[in-house]
Amino acid sequence: MPKFLDHHATMPDVPPETAREMATRIKAGEPDEFGVTGLNVFMCANGEGYCLSEAPDADAVVKAHEALGFPLSRADVVEVTTIA
């Protein structure tokens, strides 16, 4: 399954219950209704953020974010490969 990294120029305030739900989904490793499996979320000290996920395509990543209330532009999603 392809991997995608998406960028959030400004991370929205995430309520604690939403953060717990996101962590639970990542730990479970189960895909959502769009076929997206979250692998990790990186929150930067400068307020930016990145999400790493496996998904059928970039559009699925955008839809998954929108369903969680995190708007995301298709331009902010790139397919990546890992070396390890």
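Start by selecting K3: this residue is partly exposed, at a relative accessible area of 23% (buried means under 20%, exposed over 50%, partly exposed in between, with a 1.4 Å probe and protein chains only). You're looking at a predicted model, where local features need pLDDT of at least 70, side-chain atom pairs count only at pLDDT 80 or more, and totals for chains, interfaces and linings use all residues. Residues are numbered from 1 along each chain as its sequence is written, and side-chain values use heavy atoms, with hydrogens and water left out.

The K3 and E54 side chains form a salt bridge, 3.9 Å from N to O (a side-chain nitrogen of Lys or Arg within 4 Å of a carboxyl oxygen of Asp or Glu). K3 sits in strand β1 (residues 3-8) and E54 in strand β3 (residues 49-54), so the pair ties together parts that are 51 residues apart in sequence. Helices (H or I, at least four residues) and strands (E, at least two) are DSSP runs, numbered from the N terminus. E54 is partly exposed too, at 24%.

That's one of three salt bridges. For another, pick E21 and R25, whose closest N and O atoms are 3.8 Å apart. Both are in helix α1 (residues 16-28), four residues apart, or about one helical turn. E21 is partly exposed at 41%, and so is R25 at 37%.

Next, jump to D59 and R74, a salt bridge with its closest N and O atoms 3.9 Å apart. This pair links distant parts of the chain: D59 is in helix α2 (residues 58-67), while R74 is in the loop between α2 and β4 (77-80), 15 residues away. D59 comes out partly exposed at 44%, and R74 likewise at 43%.

Last stop: the largest pocket, with a volume of about 370 Å³. Here a pocket is an open set of points on a 1 Å grid over the protein atoms alone, with protein on both sides within 12 Å along at least five of seven lines; lining residues have an atom within 4 Å of a point. The volume is the space filled by probe spheres set on the points, which are joined across faces, edges and corners.

Select M22, R25, G38, H65 and L68, the closest to the centre among the 21 lining residues. Which element gives the most to the lining? That's α1, with four residues. The lining divides into 13 nonpolar, five polar and three charged residues.

Notes: On a 1 Å grid over the protein atoms alone, a cavity is a set of points where a 1.4 Å probe fits but cannot get out, and a pocket is an open set with protein on both sides within 12 Å along at least five of seven lines; lining residues have an atom within 4 Å of a point. Ala, Val, Leu, Ile, Met, Phe, Trp, Tyr, Cys and Pro count as nonpolar, Asp, Glu, Lys and Arg as charged, and the others, Gly among them, as polar.
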